[in-house]
Amino acid sequence: MEKKASPINRENAVISIRDLKKSFGSLHVLRGVDLNLYQGENLVVLGRSGTGKSVLIKIISGLLHPDSGEVNVLGLSVGSLSDRELLQLRLKVGFSFQNSALYDSMTVRENLEFPLVRNYRNLTRKEIDLAVEDVLDGVGLSQAINQMPSELSGGQRKRIGIARTLILRPEIMLYDEPTAGLDPITCIDINNLINEVQEKYNTSAIIITHDLTCAKMTGDRIMMLLDGRFERQGTFEQVFDTDDERVKTFYNYNFTD
Amino acid sequence: MAQKSDTPADSSRKYVVGRKLDALFLDLYKINRFLGRFFKELVLPPYEFKEIVKQCYEVGYKSLPLISMTGFITGLVFTKQSRPSLAEFGATSWLPNLIAIAIIRALAPLVTALIAAGKVGSNIGAELGSMNVTEQIDAMEVSATNPFKFLVVTRVLATTIMIPVLAMYTGFVGMLGSFININQMEQTSLPTFFVGAFSSITFLDIFSSVFKATVFGFTIGAVSCYKGYYSSKGTEGVGKAANAAVVTSMFLIFIEEILVVQVVAALR
């Protein structure tokens, strides 16, 4: 169940965040977050619901703006990019949504083609078909190509959501609660897929989750968000080897739920 | 004399009014930015021609049955209801002319726009609202595509192009409904009906009608997209977006009707 070691380049931080703060009205969600994601690394961000985990990756992808702090992705400061530069950066940063966010009026094929044909307008029909078949094969769902999202199971939707981000060949993957709402067997399939993506596509990833099995199976390193800050980080064992009641409660609830 | 200080109720009222004014100005600012972005995205490549055609089909072709029925009934009933008043003066021969003026100048664009606000506006508001709630718009954004161009520009263009076409069609079926009633009652032939109908219709009448319909079309598209695109999260947000798209569009359509009528009257 433990993740095998990945080749991580600790000299090269593909994402670097310094003193990030974000509030919604009087609710202070992130209160000074610091984070480095190294090339080739799967970094798991753990935390209870509502602690700002998803807010963090939405800020990284430029969907939300921070109140203060510095966010650097692949050497670029996200806050100071023009619209065009942000689009270029987003080609390199894949985002897998918690509810998959598949376009429900399009078939699986159209979902996968959508970002490709809009970003690479000179591709031939054959090249598009090949790219679609390749990523679908990669997530093990070649047979679903002509199905509508409503005809897919939760696990299949997650896979297609991941395939849709992979089709642009991103360098970084951001997974928002990849195993939320799935049965335990499907969770393990998705965790294995996350590891396969890391190996096959050579990606670095931030995996947002509150599922400890997912954290253990996919994380090279784990950071725990407590009260708006990263207060613990390291391997799974290092993070949970503590007397901090908040961490112990989180651990116990996860395995007794 | 000492100045009277505010009671808690006064302060609370001022606070509520202040919040509402804040919200109003914020909304105006957002609408301004939305329109600015629309015109910017409209002219900048790449262009989503395929999606524009698809949306024109959705707005135009799929509205035809409802528009046909409404236009036909409007023409027929308006003729039937107008006859007694004209009959009192022995002026039923003026019916085609009266109906043509009413339909072309006012009813065709207005009825079409109101029907489209209900059918198309609610559809766009709910569709974009639902896409917003389920993070599909965010998904487009993070996959380096421009959701505004794909979702908003195409739909606003489609309504702006198709509502005038539908309004002309409504005018045609409305006149047809009117002719059937007049033909039944007065045995007027089709050529006689049309000669009478168009005897006092000018280019300005047709131009203002098409212009009005274009403005209405733009309003329906822009309002519905705005309400859907910026809907609040949650299923309630989708319902509110659809509802606000219809109500706000209809309200603005009536305001625009008054304004355009005043301008055309001054030009006449």
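Start by selecting Phe24(A): Leu27(A), in strand E2 of chain A, stands opposite Phe24(A). This is a predicted model, in which local features need pLDDT of at least 70, side-chain atom pairs count only at pLDDT 80 or more, and totals for chains, interfaces and linings use all residues. Residues are numbered from 1 along each chain as its sequence is written, chains are lettered from A and ligands numbered from 1 in the order in which they are written, and side-chain values use heavy atoms, with hydrogens and water left out.

Now select strand E1 of chain A, residues 9-24, which pairs with E2(A) in the antiparallel sense over 10 bridges. Strands (E, at least two residues) and helices (H or I, at least four) are DSSP runs numbered from the N terminus, and two strands pair if DSSP finds at least two bridges between them.

**Stop two: a six-stranded sheet**

Which order do the strands of the open, mixed sheet follow? In chain A, the order is E6-E7-E8-E3-E9-E10. Strand E6 (93-96) and strand E10 (229-234) of chain A each have a single partner strand, so one side of each has no neighbour in the sheet. For a closer look, select strand E3 (residues 42-46) and strand E9 (residues 221-226) of chain A, which run parallel and are joined by four bridges. Val45(A) has Met223(A) as its bridge partner in E9(A).

**Stop three: where the chains meet**

Show both chains: 16 residues from chain B and 23 residues from chain A take part in the contact. Glu135(B), Val142(B) and Ala144(B) supply 32% of the area that chain B buries against chain A; buried area is the accessible area (1.4 Å probe) that two parts lose on being put together, summed over both.

Finally, select Glu48(B) and Arg121(A), which form a salt bridge with their closest N and O atoms 3.4 Å apart. A salt bridge is a side-chain nitrogen of Lys or Arg within 4 Å of a carboxyl oxygen of Asp or Glu.

Terms used
Contact = heavy atoms within 4.5 Å.
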